[in-house]
Amino acid sequence: MATAPTPVPDGMRADVELTQRGRSELQFLQAMRAGLRPMQTRLRERLENGTALSGGSGDIAALRAAVDAELADDSDLGLIGAALRWNRAVLTPRAVDAFEDRSAELTAKAAPPDAAAITDRGEQHVPRYWRYEFHGTTGGWDGHEHMGFIHHELVYRYLLVPSFPGDIFQQRANVADLAPREDYADICDLGCGTGQFTMKLAQRYPTARLTGVDLSIAELRYAQRRAAEAGLSWDLVRAPAEDTGLAGDSHDLVASFILLHEIPPHAIRNVFAEAFRILRPGGDLVFSDVAPYHRRSPYHAWNDDWDAENGHEPWWRTAATIDLVAVATEAGFVDVRQEPLSESAYPWVTLARKPEGSAS
Ligand SMILES: C[S@@+](CC[C@H](N)C(=O)[O-])C[C@H]1O[C@@H](n2cnc3c(N)ncnc32)[C@H](O)[C@@H]1O
């Protein structure tokens, strides 16, 4: 019987064919996640009919302790946690295997047309926290030469797009739309990864010059390929977002999409300071990341935190509890405000402006 073609989500290649083994391994991981949902729904109903959520979402440690006590007799919680941890730990290795099964064909689709066009500030600028294992995978974002392709084309297609509510590509376009001006000449995307958000910025501001900064050379290679295939040329820099090496007062919009929850709090502060430094006076900051726990319902705050812990997201809790309005203000920004763009854990957007007359 003929099977219907898999719809190709925005920004993905239509021509990625995996072996049956590679495809079924990834589909199994997605099916496993979907299979946990009835248990998760039952736990949610139990919590919403109980007392553990009554203390609110302002103190996440207290909320976690209250839920642990209330669900102490419920074996499903531990089972779901173990399943999620395993799923996250094997996901990238399985995607790497799927790539390797067809490496002769896929390497040609993954290699950047001009790797030399990426400026690399070098290993000495890579912060210590980048070496930690996160997202459950050895090597993290750089664990394979073509991790950008593997992450974007395989992990996204098989797991993230089917698992997350809403359209995770449209979210990036919605954030790009929030920038207050129409006339940006120089835009910098911090933590640009494979260039998904960079592409939305490029589409929204077609005359602007785009610079993407990321620590992962593998992600940047894929971003370079994506830009070249769209007939675009971006300045791509391998550097920490908190120390980009870019000239001061050189951009009029500095933006980021889901970078901040990947880095510790001191690095978040330094990223705001660096954004201030590279912005021209009057320039705008638009950073989108996870929702603050105190603005989530108690159930959702608990679920975000529990899910992050079992999904190998070591910095999510600090990103969801740090006061980004205070951080931006301390960095020198004015007109600082926050806007939620959806009911889910993200995008939650922080907007700010570098005051006129305040050159770096
Ligand atoms: C969740 S991804 C988001 C990528 C991209 N913004 C997007 O919308 O798809 C986070 C990215 O942040 C990068 N990253 C993590 N820490 C960084 C740092 N200190 N400086 C620059 N990039 C960093 C990772 O390599 C990864 O590509």
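Let me start with a count: the residues lining the largest cavity split into five nonpolar, two polar and one charged. Keep in mind that this is a predicted model.

Where does that count come from? The lining is made of Q40, L43, R44, I80, Y299, W302, N303 and W306. Two elements each give two or more of these residues, α1 (20–48) and α10 (298–310). Which gives the most? That is α10, with four residues. The volume of this largest cavity is about 50 Å³.

A quick word on how such space is found. A probe the size of a water molecule is rolled over the atoms, and this shows where empty space is left.

How many cavities of 30 Å³ or more turn up in the whole structure? The search finds two. So far we have had one of them. On to the other.

The second largest cavity holds about 30 Å³ of space. Which residues line it? Here they are: A110, P112, E145, H146, G148, F149, A218, R221 and Y222. Again, two helices to look at. At least two lining residues come from α5 (147–163), and at least two from α8 (217–229). The top contributor is α8, which gives three. By class, this lining has five nonpolar residues, two polar and two charged.

Now a single residue. Please find Q171. It sits in helix α6, which runs over residues 168–178. Is Q171 buried or exposed? Its relative accessibility is 9%. The cut-off for buried is under 20%, so Q171 counts as buried.

What does Q171 touch, once neighbours within four places in sequence are set aside? It is in contact with P165, F257, S344, Y346 and P347.

Last, the annotation. The UniProt record, an unreviewed entry, has "domain: Methyltransferase" over residues 187–283. What is the chain like over that stretch? Over residues 187–283 it is 37% helix and 27% strand. How far apart are the end C-alpha atoms of residues 187–283? They are 10 Å apart.

To recap. Two cavities of 30 Å³ or more. In the largest, α10 gives the most to the lining. Q171, in α6, is buried at 9%. And the record places its methyltransferase domain at residues 187–283. That's it from me.

Note on methods:
Residues numbered from 1 in each chain as written. Predicted model: local features only at pLDDT ≥ 70, side-chain atom pairs only at ≥ 80, totals over all residues. Heavy atoms only, no water. Buried < 20%, exposed > 50% of the residue type's maximum accessible area, 1.4 Å probe, protein only. Contact = heavy atoms within 4.5 Å. 1 Å grid on protein atoms, 1.4 Å probe; cavity = no way out; pocket = protein on both sides within 12 Å on 5 of 7 lines; lining within 4 Å. Points joined across faces, edges and corners; volume = space filled by probe spheres on them. Nonpolar A, V, L, I, M, F, W, Y, C, P; charged D, E, K, R; others polar. UniProt positions renumbered as here; feature names shortened; annotations may be inferred.
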